[in-house]
Amino acid sequence: MAQHRLIYQIYPSAMGDLREITKRIPQIAEKIQPDYIWLNPIFKSPWRDGGYDVSDYCKIDPRFGTIKDFRHLIAVAKKYNIGILLDLVINHTSSQHDWFHRSELHEERYKDYYVWVNRPLNWKSFFGGPAFDYSALRDEYYLHLYDHSQPDLNFNNPYVIREFIRIIDFWKNEGIAGFRVDSANVLTETNLKKGLIPGLPGFFRYYQTKGTVRILERLFASSKLFTVAEPVGGEFFSKRKLHELTNKAFNASFNIGTLDVADTYFSIKSKIRPLNYRRWLRKLASWSQEPTFSLALESHDTPRAPSRFNANPRVLAMLQFLLPSNYPCIYQGQELGTLNADLSMNINDYPGVQSRQIYRRLRREGKTHRQAMLVVRRTSRDNARQPLDWSEYRLQSQHPDSVLNFYAKLIRLWREDVVIRDGKLKVIKISKAGVFDFCRILGKKRYAVHLDLSGKTKSTLRDDRGEIVITA
Ligand code: GLC
């Protein structure tokens with residue numbers, strides 16, 4: 001049974017450390033009042049991929065503080081009725097994880113912790129380049145769907161499953177409320193075959209298999225934790241796959257593809273299509289009716305939404321909270337209307353490994369430096385990973401007409417109004433220019449919503465009598 005929960009995502013290094021985050025909780029609670037705060041990975045990591053390369057799952061990375069700081073954060077969050085969600089990076093570890101060292105050395109217990117082959121296959125990794133790399137120590141090749149420093153774990157190995165049962169228990173005992181589970185649906189490599197489906201990474205050979213779902217069910221279904229899946233697959237992630245994940249293992253799930261459909265191909269970020277509002281809004285309208293779908297417009301993996309969709313942040317907020325939205329997720333700073341960062345620095349100084357790899361790929365494909373940088377700056381994940389501006393937060397808190405207070409008002413409505421919460425969606429019109437008219441209907445009550453992403457007309461929410469409730 002779907003609930004109605006608001007998630008607030010924090011990219012910890014953009015906040016400082018755990019103490020800083022703890023200090024900000026009262027402010028976040030006052031305006032947003034999230035049910036959960038999802039922290040991107042805070043585990044020990046060499047930080048090649050922003051913490052998604054974990055070298056110890058039961059240690060806090062020193063850059064964020066200590067386990068004591070974490071316990072304090074949990075306690076303070078609890079006072080504000082907020083549960084903490086950790087980001088469980090389950091598909092791969094860092095190549096600096098002890099398991100990988102032992103696996104490279106072919107130690108009996110660890111030799112099958114990762115996916116090893118004698119001859120590399122012609123698969124591509126998500127970040128570009130081959131998905132298999134050579135280990136001289138072991139004289140074999142290992143699979144990495146992401147960076148070469150992120151070897152894929154072998155979930156066909158019961159030891160690996162047991163490790164994660166232990167890790168989940170460890171954090172549960174620390175009092176967390178749940179997990180966001182990273183790259184959740186590509187765990188079991190059952191089909192290590194040659195042959196690339198043109199343009200697609202090799203994971204399509206074992207995309208959300210029954211085996212993977214069974215493992216996820218085993219890990220999470222009985223855990224009594226709140227869990228959100230991040231499935232890979234972009235536009236290929238279907239509703240059937242969503243149902244499978246959320247019926248069996250998770251409370252809710254994202255689908256990055258609902259954003260990608262607007263302007264890029266398949267999360268690759270190296271090809272930009274002209275922004276297509278119609279395609280995008282149709283997709284959002286359809287997916288928003290799935291009770292376990294988590295509607296997010298931004299994350300640490302995307303550029304800022306107002307820049308990306310060339311739209312007023314308030315209209316985007318209306319889109320996220322006035323469509324059916326049981327599990328909306330706000331990315332830190334989104335509630336201030338934050339735009340893309342100024343990424344005019346040298347490409348080698350970009351913090352994100354993905355940005356640098358995309359640049360290299362585009363250059364290899366014959367693009368000039370200028371052309372390549374244009375793509376990278378528009379699509380880079382580094383756009384949204386900048387320090388949050390707290391003086392701006394304070395200013396907006398005090399200003400009744402700020403974007404922040406607009407969010408606060410919408411969220412109150414989202415929480416308290418039964419039509420916004422449970423009403424059926426009726427799409428009236430979706431235009432190429434970005435006009436989206438729809439109704440929310442419950443019994444005899446009805447709201448009419450007019451959104452205009454182009455900004456040519458005012459966006460409005462009107463009640464039964466035609467009175468404006470909210471406008472932007
Ligand atoms: C997910 C994360 C992304 C990370 C990748 C590899 O897609 O959201 O930031 O790079 O997994 O762990």
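User: What share of the contacts in the chain with a separation of 6 or more comes from residues 24 or more positions apart?

Analyst: Before the number, a caution: this is a predicted model, where local features need pLDDT of at least 70, side-chain atom pairs count only at pLDDT 80 or more, and totals for chains, interfaces and linings use all residues. Residues are numbered from 1 along each chain as its sequence is written. Two residues are in contact if their C-beta atoms, placed from the backbone, lie within 7 Å. Here, residues 24 or more positions apart account for 66% of the contacts with a separation of 6 or more.

User: How many helices and strands does the chain have?

Analyst: Helices (H or I, at least four residues) and strands (E, at least two) are DSSP runs, numbered from the N terminus. The chain has 15 helices and 17 strands. Its radius of gyration, taken over C-alpha atoms, is 22 Å, close to the 23 Å that the globule rule gives for 472 residues, so the chain is as compact as a globular protein of that length. That rule is 2.2 Å times the number of residues to the power 0.38. The C-alpha trace spans about 70 × 50 × 40 Å along its principal axes.

User: What percentage of the residues is buried?

Analyst: Count neighbours: a residue is buried if 20 or more other C-beta atoms lie within 10 Å of its own, exposed if 12 or fewer, and partly exposed in between, with C-beta atoms placed from the backbone. Buried residues make up 47% of the 472 in this chain. Take Y57, in strand β4: Y57 is buried, with 22 other C-beta atoms within 10 Å. Leaving out residues up to four places away in sequence, Y57 touches F43 and I167.

User: Now a helix. Which residues of α2 are buried?

Analyst: Check the length to begin with; the expected span is 1.5 Å times one less than the number of residues. Helix α2 (residues 67-79) has 13 residues and reaches 19 Å from its first C-alpha to its last, close to the expected 18 Å. Its buried residues are F70, L73 and A77.

User: What do the buried residues of α2 pack against?

Analyst: They pack against α1 (18-31), β2 (36-39), β4 (56-60) and β5 (83-89).

User: And backbone angles: what is the phi of N81?

Analyst: Most residues other than glycine have a negative phi. N81, in the loop between α2 and β5, has a positive phi near 60°. With 10 C-beta neighbours inside 10 Å, N81 counts as exposed. Q33 also has a positive phi, near 45°, and lies in the loop between α1 and β2. Q33 is partly exposed, with 16 other C-beta atoms within 10 Å.

User: Last one: which residues are around the ligand?

Analyst: A residue is near a molecule if its C-beta atom, placed from the backbone, lies within 6 Å of it. Around this ligand you'll find D49, Y52, V89, Y146, D182, S183, E230, H300 and D301. They divide into three nonpolar, two polar and four charged.

How values were computed: Ala, Val, Leu, Ile, Met, Phe, Trp, Tyr, Cys and Pro count as nonpolar, Asp, Glu, Lys and Arg as charged, and the others, Gly among them, as polar.
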